[in-house]
Amino acid sequence: MSEYSGDYIDSCRWRIEAEVAAFDLLRSQAPGDGTMDSAIQDIEDEYFVAVASQLEGMFTDRGRGAEGASPGPLQELRAVVASLNGNGGRFDPPEGSGLDASTTVLGLDSGDPIRLDRETFQSLADAFFDAIEETYGVDS
């Protein structure tokens with residue numbers, strides 16, 4: 001695809017925001033005595049891996065040529081999801097992509113373990129949506 005309507009992008013953003021809000025609700029319902037902290041942390045790690053895959057899937061058919069050669073959040077999310085699915089959770093950007101700690105939202109170098117907690121996911125998702133809107137967005 002060479003473009004996405006503003007309505008589609010807004011709808012996807014809303015769906016991802018709803019996923020984040022669902023996690024926030026879960027965390028807010030945990031007892032304040034710390035007895036669930038470890039379980040919430042385990043859920044958080046896996047939950048945001050799934051939400052990152054969902055986000056990439058929403059735009060997986062985007063034309064790569066429009067992304068340009070410079071590394072950015074569009075390439076980063078794709079590399080993060082591919083690494084989570086096929087590289088044991090260690091960041092494995094495509095060779096020559098320019099994705100490293102100085103160019104990634106998550107500050108990842110090749111081989112670094114990927115941790116997607118709520119805050120790191122939100123940072124990547126915000127940067128990704130901004131790049132989608134700038135590169136592929138059209139008025140609805």
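The crossing of α2 and α3 is left-handed, a term used when the near helix is turned anticlockwise from the far one by less than a right angle. The model is predicted, so local features need pLDDT of at least 70 and side-chain atom pairs count only at pLDDT 80 or more, whereas totals for chains, interfaces and linings use all residues. Residues are numbered from 1 along each chain as its sequence is written, and side-chain values use heavy atoms, with hydrogens and water left out.

The axes of these two helices, lines fitted to C-alpha atoms over the stretch in contact, come within 10 Å and cross at roughly 130°. α2 and α3 are therefore oblique to each other, the class left once angles under 35 degrees (roughly parallel), over 145 (roughly antiparallel) and 65 to 115 (roughly perpendicular) are set aside. Where they meet, with contact taken as heavy atoms within 4.5 Å, V49, A52, S53, L55 and E56 in α2 face L77, R78, V81, L84 and N85 in α3. By class, this contact has six nonpolar, two polar and two charged residues.

L55 is also among the residues that touch the most other members of the largest nonpolar core, together with F59, V80, L116 and F121; such a core joins buried (under 20% relative accessible area) nonpolar residues through side-chain atoms within 4.5 Å. Two or more of its 34 residues come from each of α1 (6-29), α2 (37-58), α3 (73-86) and α4 (118-136), and α4 gives the largest share, eight residues. Leaving aside neighbours within four places in sequence, V80 is in contact with F91, L106, L108, I114 and L116.

How values were computed:
Buried < 20%, exposed > 50% of the residue type's maximum accessible area, 1.4 Å probe, protein only. Helix = DSSP H or I, 4+ residues; strand = E, 2+ residues; numbered from the N terminus. Axes fitted to C-alpha atoms, helices over the stretch in contact; angles between N-to-C directions. Nonpolar A, V, L, I, M, F, W, Y, C, P; charged D, E, K, R; others polar.
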